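I opened my notebook for this one and jotted down each thing as I looked it up. Here are the entries, in the order I made them.

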2 protein chains.
Amino acid sequence: MAVGQTDFPVMPPINGVQLGTTNAGIKQTERDDLLVFQFSEIATCAAVFTKNAFCAAPVNLAKEHLLHAPRWLLINSGNANAGTGEQGMNDARQTCQNLAQIVGGQTQCVLPFSTGVIGQALPVEKMTIALPNAVANLAENNWENAARAIMTTDTFPKGVSKIITLNGENVTINGIAKGAGMICPNMATLLSFIATDAKISQPLLQHCLKATTELSFNRITVDGDTSTNDACVLIASGCSLAPEIIADSENYNIFADAILTVMKSLAELIVRDGEGATKLMRIVVSEAQNDEEAVQVAKTIAHSPLVKTAFFASDPNWGRILAAVGRAGVEAMELEKIRIYLDNVCIVRDGGRANDYTEEAGQNVMNQAEITIDVRLGRGNCSQTVLTCDFSYDYVKINAEYRT
Amino acid sequence: MAVGQTDFPVMPPINGVQLGTTNAGIKQTERDDLLVFQFSEIATCAAVFTKNAFCAAPVNLAKEHLLHAPRWLLINSGNANAGTGEQGMNDARQTCQNLAQIVGGQTQCVLPFSTGVIGQALPVEKMTIALPNAVANLAENNWENAARAIMTTDTFPKGVSKIITLNGENVTINGIAKGAGMICPNMATLLSFIATDAKISQPLLQHCLKATTELSFNRITVDGDTSTNDACVLIASGCSLAPEIIADSENYNIFADAILTVMKSLAELIVRDGEGATKLMRIVVSEAQNDEEAVQVAKTIAHSPLVKTAFFASDPNWGRILAAVGRAGVEAMELEKIRIYLDNVCIVRDGGRANDYTEEAGQNVMNQAEITIDVRLGRGNCSQTVLTCDFSYDYVKINAEYRT
């Protein structure tokens with residue numbers, strides 16, 4: 001189902017970051033469903049979480065534990081531990097405590113993450129039995145297994161790796177993620193873990209993560225349903241030979257650019273694996289008065305069921321795109337100034353269909369698996385991009401038939 | 001496809017309001033696609049229009065002509081005259097002028113309305129040839145033909161009629177509408193025409209229409225795609241023997257209640273005929289701090305593809321409803337106070353699944369064609385209701401295959 005090339009890349013080890021997986025039987029398949037991260041004592045750790053008012057228990061606990069110095073992440077797939085009330089909090093705390101005992105650490109240094117079915121009690125006993133095995137498997141060269149262990153309805157494991165040079169020393173960045181957007185049936189949802197051997201303070205790392213999340217994971221949508229469990233974690237082990245990265249430095253810019261590249265690539269992989277996706281759409285809104293209105297227009301197009309079903313049908317239905325721009329809620333937009341292109345083919349100009357547009361040219365673009373919807377508002381200089389996928393029979397099938 | 005009983009009712013004539021239909025060949029079927037309303041010289045006329053920034057040409061012209069004293073409505077289905085630039089305005093004006101010539105009236109006393117495919121030139125010549133026939137057919141007893149002439153992808157004609165008594169004299173209200181929501185493929189979209197023989201000033205009629213639209217048509221959604229052509233018109237012929245309705249009177253309250261009842265019934269018929277709909281969902285959000293947040297929560301649930309596909313599957317998936325409430329953007333909501341019922345079955349209480357909930361009870365409700373989602377926020381006394389339908393394979397089919 002996935003759109004385009006999605007092979008898992010070579011991911012070198014990150015000095016100071018170990019990963020261990022095992023099968024705890026949460027999903028009742030033979031796939032691993034439990035993942036432990038362990039990182040160096042000098043590591044720093046940043047995290048951002050879902051804005052859904054009803055966070056899952058592990059999200060609430062991870063927010064609390066982030067204030068201490070995290071050294072372990074405990075991640076399970078197959079159960080979201082969301083909508084589980086007070087018991088959910090107790091269960092999440094219990095699993096952190098169990099891991100802390102095995103590794104000889106403190107409970108509040110463990111951040112818990114869960115993804116899977118909402119509203120069922122976390123199978124704490126299964127996890128307790130399996131945890132020693134995951135810890136025994138801890139190794140630096142374990143990224144692909146880790147990417148597979150966090151999958152739910154994902155059809156392929158998602159990883160991205162990048163090496164940069166700071167003052168002549170290599171810094172490696174590895175990231176894994178699971179999706180697919182906010183669209184998993186009964187599930188929740190986007191998790192991403194990125195690790196680097198860079199040395200950087202926690203506040204600066206958190207600043208970096210917040211800024212790069214906004215331009216990567218917060219610029220994709222599959223169906224607009226923000227989940228209760230979304231989380232993205234960035235770990236810096238501090239074990240590289242490169243000097244510490246400090247604020248407002250050239251090295252910080254290089255580092256933040258590389259983190260953004262990794263996160264954008266992971267975000268794109270999630271859209272490529274959107275449930276039922278047959279097409280990847282890059283929605284570029286430019287000539288906006290500010291970034292906010294560019295994002296607003298792009299997301300309105302990205303969320304429109306009419307636009308998404310038209311793309312599934314490879315139908316160059318510019319009227320639906322134009323109607324979505326019009327209802328985006330931007331004040332005083334002028335229809336006459338709008339131009340809309342599908343890739344390089346202009347379809348809307350002067351308030352209606354472009355004079356030189358031909359159905360054949362539009363159809364040629366639409367037949368592709370990856371398409372840019374390029375909307376120029378003619379009212380400013382700001383530009384933003386949002387990625388999304390189309391809306392197919394399989395989306396309905398996957399989400400309607402999940403429990404039956 | 002429609003949900004529930006949708007028979008066309010008996011619609012008595014409205015004194016002072018005549019309707020004439022004909023087949024202009026716009027849709028290339030044998031169905032009538034042209035409708036003319038003619039009303040008495042003493043009639044008043046109110047209208048509300050789409051908030052989409054890119055209004056269709058007829059919407060812009062109708063807004064302009066509404067400032068004069070309208071005596072005719074000219075409605076075509078099969079072509080929306082939207083996204084048609086300057087030519088679209090000229091075409092709309094030309095058709096008004098043609099009708100004015102035939103009936104011996106002024107061009108600015110004709111309000112034009114179009115619904116159908118976006119982005120194609122209005123077939124003015126076909127309409128010009130057909131207009132005399134529509135005028136020749138003008139009659140007071142023609143409501144069902146009128147309801148049929150404005151249909152596009154609707155599967156049944158939609159009409160509602162109600163008689164009230166003011167000071168011992170009957171006042172009749174008839175309304176027709178076409179849908180289905182904002183979801184018609186390549187089409188646009190909701191049109192409703194309501195007529196009464198009441199006598200009431202234009203400003204008061206406009207006030208009444210605005211208030212009742214907010215609580216009827218603005219409380220339904222099929223897919224959240226607001227169209228470029230939505231319009232609702234309320235005509236008062238003034239031919240009833242009842243006294244003139246004046247502001248802040250008991251008669252006004254009776255009249256406005258009746259108008260609201262008619263409009264709510266028409267709005268519900270549109271949802272019942274939502275594209276691909278198999279279920280009608282009434283989303284009642286109560287115990288909100290104000291009406292705005294109640295509507296906000298209800299619409300977030302109503303727009304959620306995850307909730308809509310779950311209902312299509314008759315799956316009592318309370319986690320998806322809870323997640324939608326959580327992402328609705330209401331500040332400081334408390335999960336522990338929320339209760340969610342499917343009809344009378346409590347599914348969420350105390351931050352998670354209700355203790356006494358059983359899958360069997362939930363499943364029994366979900367197997368019905370009409371279901372109330374009853375969300376109690378536990379933070380105030382305001383309540384609002386939004387109607388929507390489920391999201392089925394046929395929604396994707398209808399919207400993906402329309403042009404192929």
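**Entry 1: A82(B).** I began with A82(B), and I found it in the loop between strand 4 (72-79) and helix 2 (85-103) of chain B. Is A82(B) buried or exposed? I looked up its surroundings: A82(B) has 33 C-beta neighbours inside 10 Å, so it counts as buried, the cut-off being 20 or more. I then checked a partner from further along the chain. G119(B) is 37 residues away from A82(B) in sequence, yet their C-alpha atoms are separated by 5.6 Å.

Entry 2: I noted its scores, an ipTM of 0.74 and a pTM of 0.79. For chain A the average pLDDT is 89, and 95% of the residues score at least 70. Where in chain A is confidence lowest? I found that in strand 8 (residues 187-188) of chain A, with a mean of 42, while helix 3 (residues 124-136) of chain A is the highest, at 97. Residues 183-188 of chain A have a pLDDT below 50, although the model gives this stretch 34 contacts beyond near neighbours in sequence. I am keeping in mind that coordinates predicted with low pLDDT should not be read in detail.

**Entry 3: chain A as a whole.** I counted eleven helices and 17 strands in chain A. Its radius of gyration is 22 Å, close to the 22 Å that the globule rule gives for 404 residues, so chain A is as compact as a globular protein of that length. Along the principal axes, its C-alpha atoms fill a box of roughly 70 × 55 × 35 Å. I also noted that 59% of the 404 residues of chain A count as buried. Among contacts in chain A with a separation of 6 or more, 82% join residues 24 or more positions apart.

**Entry 4: the two domains of chain A.** I looked up the division next: domain 1 covers 17-272 and domain 2 covers 280-400. Their C-alpha centres lie 33 Å apart. Eleven residues of domain 1 of chain A are in contact with eleven residues of domain 2 of chain A. Which elements supply at least two residues each to the domain 1 side? I found strand 10 (220-221) and helix 6 (250-272) of chain A. Helix 6 of chain A gives the most to that side, with four residues. By type, the residues on the domain 1 side divide into five nonpolar, three polar and three charged.

How values were computed:
Residues numbered from 1 in each chain as written. Chains lettered and ligands numbered in written order. Predicted model: local features only at pLDDT ≥ 70, side-chain atom pairs only at ≥ 80, totals over all residues. Domains from an automatic or database assignment. Contact = placed C-beta atoms within 7 Å. Nonpolar A, V, L, I, M, F, W, Y, C, P; charged D, E, K, R; others polar. Rg over C-alpha atoms; globule rule 2.2 N^0.38 Å. Buried ≥ 20, exposed ≤ 12 C-beta atoms within 10 Å, placed from the backbone. pLDDT = per-residue confidence, 0-100.
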